[in-house]
Amino acid sequence: KAHWLGGYELMLQQAFVKWMKPGMVAYDIGANIGYMSVLLARIAGAEGQVFAFEALPKNIARLQKNIDLNMCISPVKVVPNAVTDQPGEISFFVHASTSMGKAAGSAGREEEYLEEIVVPSTSIDHFVYEQGNPAPDLKRRMGVGRHATVSRWRRDAPDCLSRSDRTSCFVSANTWRPLHS
């Protein structure tokens with residue numbers, strides 16, 4: 001219901017409006033169905049770009065549909081990968097809700113998972129430096145447990161630095177906490 005009424009993670013939405021500017025590049029890591037990806041795309045505008053990383057196949061289809069339905073002004077590229085500390089494949093545990101999960105070896109809920117699947121993975125280093133994609137001005141990581149292994153990136157810089165050395169990083173879980181250097 002909060003999604004429909006626009007109240008889902010309201011403080012995080014307000015932080016995006018404050019920190020995200022037109023023309024910026026955003027990474028939505030653990031994009032799920034794209035609620036935040038669409039918001040970021042609207043803020044980034046035609047000159048910006050959003051990369052929506054999602055590992056669960058069921059969510060990837062929903063994510064693409066949501067992007068299509070919202071006719072995003074800013075280009076949104078769906079990246080069907082888990083984000084980990086190295087590219088390749090990784091075991092991914094699917095939660096009973098089937099719309100959540102976590103990469104093997106990451107922190108997060110210690111409970112029974114419905115199934116284990118193998119998904120493609122990438123690292124931010126690989127995505128930016130090897131594949132030539134633009135570094136983010138802002139990145140959002142959904143559920144620290146889901147993508148906890150994403151925390152190490154950029155060979156020569158701490159977690160939140162990027163092309164501008166001022167990337168704003170947001171962790172979205174039960175609460176939000178902006179991190180920026």
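Asn32 sits in the loop that runs between strand S1 (25-29) and helix H3 (35-44). Its phi is near 55°, a positive value in a residue other than glycine. Most residues other than glycine have a negative phi. The model is predicted.

**Helix H3**

- Ala41 is part of helix H3.
- Ala41 has 0% relative accessibility, so Ala41 counts as buried.
- Ala41 and Ala26 are 15 residues apart along the chain, and their C-alpha atoms are separated by 8.3 Å.

**Aromatic pairs**

- Six aromatic pairs are found in the structure.
- In one of them, the ring centres of Tyr27 and Phe51 are 5.5 Å apart and the planes stand at 80°; the pair is therefore edge-to-face, as planes over 60 degrees apart count as such.
- Tyr27 belongs to strand S1 and Phe51 to strand S2 (residues 49-53), so this pair ties together parts that are 24 residues apart in sequence.
- Tyr27 and Phe51 are both buried.
- Phe51 also pairs with Phe127: the ring centres are 5.2 Å apart and the planes are at 85°, so this pair is edge-to-face.
- Phe127 lies in helix H5 (residues 124-130) and Phe51 in strand S2, so the contact ties together parts that are 76 residues apart in sequence.
- Phe127 is buried, and so is Phe51.
- One aromatic cluster is formed by Tyr27, Phe51, Phe53 and Phe127.

**Open sheet**

- Four strands make an open sheet in the order S4-S7-S5-S6.
- The pairing in this sheet is mixed.
- Strand S4 (82-83) and strand S6 (101-103) stand at the edges.
- Each edge strand has a single partner strand, so one side of each is left without a neighbour in the sheet.
- Strands of a sheet pair through backbone hydrogen bonds, either parallel or antiparallel.
- Strand S5 (residues 88-94) pairs with S6 in the antiparallel sense, over three bridges.
- Val94 has Gly101, in S6, as its bridge partner.

Conventions: Residues numbered from 1 in each chain as written. Predicted model: local features only at pLDDT ≥ 70, side-chain atom pairs only at ≥ 80, totals over all residues. Heavy atoms only, no water. Pairing = 2+ DSSP bridges. Helix = DSSP H or I, 4+ residues; strand = E, 2+ residues; numbered from the N terminus. Phe/Tyr/Trp six-rings, centres within 6.5 Å; stacked < 30°, edge-to-face > 60°. Buried < 20%, exposed > 50% of the residue type's maximum accessible area, 1.4 Å probe, protein only.
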